[in-house]
Number of protein chains: 2
Amino acid sequence: MYVDVILNQPASRDYRVYIDQLETLHFDTKVLIVTNTTVASLHLETLQKKIEAKELYSVILPDGEQYKNMQSLNLILNACFEHRLDRKSLLIAFGGGVIGDMTGFAASIYQRGIDFIQIPTTLLSQVDASVGGKTGINNSYGKNLIGSFWQPRAVYCESVFLKTLPKREFSAGVAEMIKMAVTFDKAFFEWLETHDLEDEAHLKEAIAKSIAIKARVVALDETEQGIRAVLNYGHTFAHVIENQTHYTTFLHGEAVAIGMVMANILAQKLTFLNADEALRIVTLLEHYDLPTHYRIENVEAFYDAFFLDKKSEHAVIKFILAQGIGGYEISRNIPKEVVLEALKEANA
Amino acid sequence: MYVDVILNQPASRDYRVYIDQLETLHFDTKVLIVTNTTVASLHLETLQKKIEAKELYSVILPDGEQYKNMQSLNLILNACFEHRLDRKSLLIAFGGGVIGDMTGFAASIYQRGIDFIQIPTTLLSQVDASVGGKTGINNSYGKNLIGSFWQPRAVYCESVFLKTLPKREFSAGVAEMIKMAVTFDKAFFEWLETHDLEDEAHLKEAIAKSIAIKARVVALDETEQGIRAVLNYGHTFAHVIENQTHYTTFLHGEAVAIGMVMANILAQKLTFLNADEALRIVTLLEHYDLPTHYRIENVEAFYDAFFLDKKSEHAVIKFILAQGIGGYEISRNIPKEVVLEALKEANA
């Protein structure tokens with residue numbers, strides 16, 4: 001199974017996302033695998049056996065979002081320099097979204113850009129982070145504020161690597177799949193309601209469907225001038241929740257699950273979504289044990305926190321809302337009172 | 001006067017290089033000027049008066065190639081964060097090649113890429129560095145090893161800023177003009193033989209001609225897969241000279257002048273160039289008081305140093321040679337003995 005990502009750019013930058021197709025890969029160049037301690041201890045040997053390269057190296061970073069910073073980026077770049085990678089060399093991102101984002105960023109700036117391949121090892125990164133070419137690191141001002149758009153040469157999603165994934169992380173990945181179904185694909189949402197993803201064949205199909213949606217959106221809007229923003233459904237709220245809980249209470253996908261429920265309350269107030277549709281979304285999230293509620297201490301402070309996201313331009317908050325199931329609405333200029341009411345209801 | 005740079009990319013990335021056309025510029029966004037101490041003390045006030053922006057900021061870096069590093073890059077990025085620049089904000093590179101390369105690089109990675117404008121203040125950066133979109137910083141492994149391809153939105157070359165340029169730096173810029181004439185444009189070379197660039201009208205015309213050549217080459221080969229490498233005529237030798245003299249003895253353009261003379265000796269051995277043509281090139285370089293000779297201590301060591309350039313792939317050295325005046329030849333696999341003989345002759 002595979003999905004092609006076709007970009008509105010010179011053809012050489014298009015690439016294929018393979019699902020369970022990773023046999024031996026041959027490279028006539030130097031290859032550097034970038035991974036983290038967790039993935040390395042579980043799967044690095046398995047991967048190394050599948051890669052034939054002129055010279056094969058690995059660099060193992062500490063595991064966690066808190067290491068998605070300039071220091072880790074420099075560890076990757078230094079490994080490139082030490083092993084004298086040249087312009088034809090290749091990086092392989094072997095891990096979750098953090099490894100993918102940092103490896104892609106390093107590839108984009110090493111000798112003004114070299115190729116990289118993604119082998120995402122979490123469900124979240126398979127269905128979301130590995131497609132789209134967003135790379136970056138965090139700093140004290142916020143998340144992903146330094147980075148680039150740099151597309152991988154290929155992506156390999158292997159279900160074998162998901163077998164060691166903790167259940168919570170699996171569900172966090174499902175949250176992003178549900179997110180894409182709600183805003184873009186009613187048939188996929190209904191399919192999700194009737195197919196359990198613990199069945200491996202179903203999971204594979206769902207991964208392919210999610211990637212196909214994401215690929216379509218990215219192809220339409222690679223650098224997020226418009227429709228790509230819809231992928232942020234639930235995220236405006238999730239970012240505040242993650243920030244208030246210092247990124248320690250919820251996994252990203254869990255915060256997105258809560259964020260979608262909050263966005264849906266707002267969407268109901270604006271009559272984009274009805275109560276039955278909102279309930280179906282909550283039910284599906286809860287089926288995967290995803291959290292759907294967060295206690296807001298102070299709704300005013302929560303509202304103000306929307307504006308602290310440094311990427312917000314000119315202090316207008318864009319809310320991405322579901323319009324029925326399978327549709328979306330990008331709403332600017334929603335009156336503050338309406339948003340506050342929705343936040344109060346979410347708290348009820 | 002202006003030159004359009006048309007790239008084989010989506011049209012939005014094409015841009016115009018204006019020569020002596022800088023009136024007041026209006027921006028409906030935040031603008032950050034990046035400059036160095038030298039240029040700031042001479043010209044920053046003049047420039048600030050010409051820029052109207054929503055908010056206008058400056059960051060002033062120390063002057064010199066030795067500051068073209070990660071630390072200075074972070075100073076630029078931190079200024080972006082402190083002033084809360086957003087995705088619509090603009091950077092202005094106001095200085096020579098070092099400022100241009102670092103500002104372009106910062107623009108390419110701040111929030112995954114924002115616009116920047118070049119206002120080059122040296123002749124070298126007006127005719128060379130400001131066109132082509134190469135950005136980068138140096139590190140202990142070499143020059144420009146971390147960077148990106150990122151095109152400016154516009155370039156403004158103003159002769160007023162050249163009036164404060166030291167004579168040596170002026171000549172270093174002329175060296176790069178001669179470089180382009182020799183390999184790409186016989187008529188321009190002959191024009192240079194008969195027109196003195198101390199005349200301001202001639203200078204302006206020569207700047208426009210040089211930029212037009214560079215723009216043509218970059219349009220053909222933005223990411224240096226082929227013909228763009230010809231712009232490195234003289235540079236293979238120059239890099240070794242600069243390295244051996246720790247970047248303190250010669251300005252880059254001066255090292256390129258010597259490098260061209262060395263390349264010409266090799267080209268004569270391979271009969272690409274005749275003695276008369278080689279002499280005309282030396283004569284023109286010397287007219288601008290450019291150095292044309294460097295004492296090589298050890299020709300074997302000089303030869304080995306070609307291979308230390310980390311960008312060389314698979315240890316094959318590509319020599320860019322003049323083929324007559326106005327033509328070029330990219331030579332791989334020149335026997336070591338032939339190169340050594342040329343180096344000995346250069347030393348004679």
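**Histidine–glutamate site and aromatic pairs**

A:His235 touches A:Glu176, A:Lys179, A:His252 and A:Val256, residues up to four places away in sequence not being counted; contact means heavy atoms within 4.5 Å. The model is predicted, so that local features need pLDDT of at least 70 and side-chain atom pairs count only at pLDDT 80 or more, while totals for chains, interfaces and linings use all residues. Residues are numbered from 1 along each chain as its sequence is written, chains are lettered from A and ligands numbered from 1 in the order in which they are written, and side-chain values use heavy atoms, with hydrogens and water left out.

A:His235 is found in helix H8 of chain A; helices (H or I, at least four residues) and strands (E, at least two) are DSSP runs, numbered from the N terminus. With a relative accessible area of 7%, A:His235 is buried, where buried means under 20% relative accessible area, exposed over 50% and partly exposed in between (1.4 Å probe, protein chains only). The side chain of A:His235 makes a polar contact of 3.4 Å with the side chain of A:Glu176. A polar contact is a pair of N or O atoms within 3.5 Å; within protein, one must be able to donate a hydrogen and the other to accept it, and residues adjacent in sequence count only if both atoms are side-chain atoms.

A:Glu176 lies in helix H5 (residues 167-184) of chain A and is buried, at 0% relative accessible area. An unreviewed UniProt entry places the feature "binding site" at A:Glu176, A:His235 and A:His252; UniProt positions follow the numbering used here, feature names are shortened, and annotations may be inferred rather than shown by experiment.

Over all chains, a search of the whole structure finds 28 aromatic pairs. Rings of Phe, Tyr and Trp (its six-membered ring) pair if their centres lie within 6.5 Å; planes under 30 degrees apart count as stacked, over 60 as edge-to-face and the rest as tilted. The rings of A:Phe81 and B:Tyr141 are stacked, because their centres are 4.7 Å apart and their planes at 10 degrees. This pair crosses between chains, from helix H2 (residues 70-82) of chain A to the loop between strand E9 (137-139) and strand E10 (142-146) of chain B. A:Phe81 is buried at 3% relative accessibility, whereas B:Tyr141 is partly exposed at 27%.

A:Phe237 and A:Phe319 form a tilted pair, 5.7 Å centre to centre with 40 degrees between the planes. Both residues, A:Phe237 and A:Phe319, are buried.
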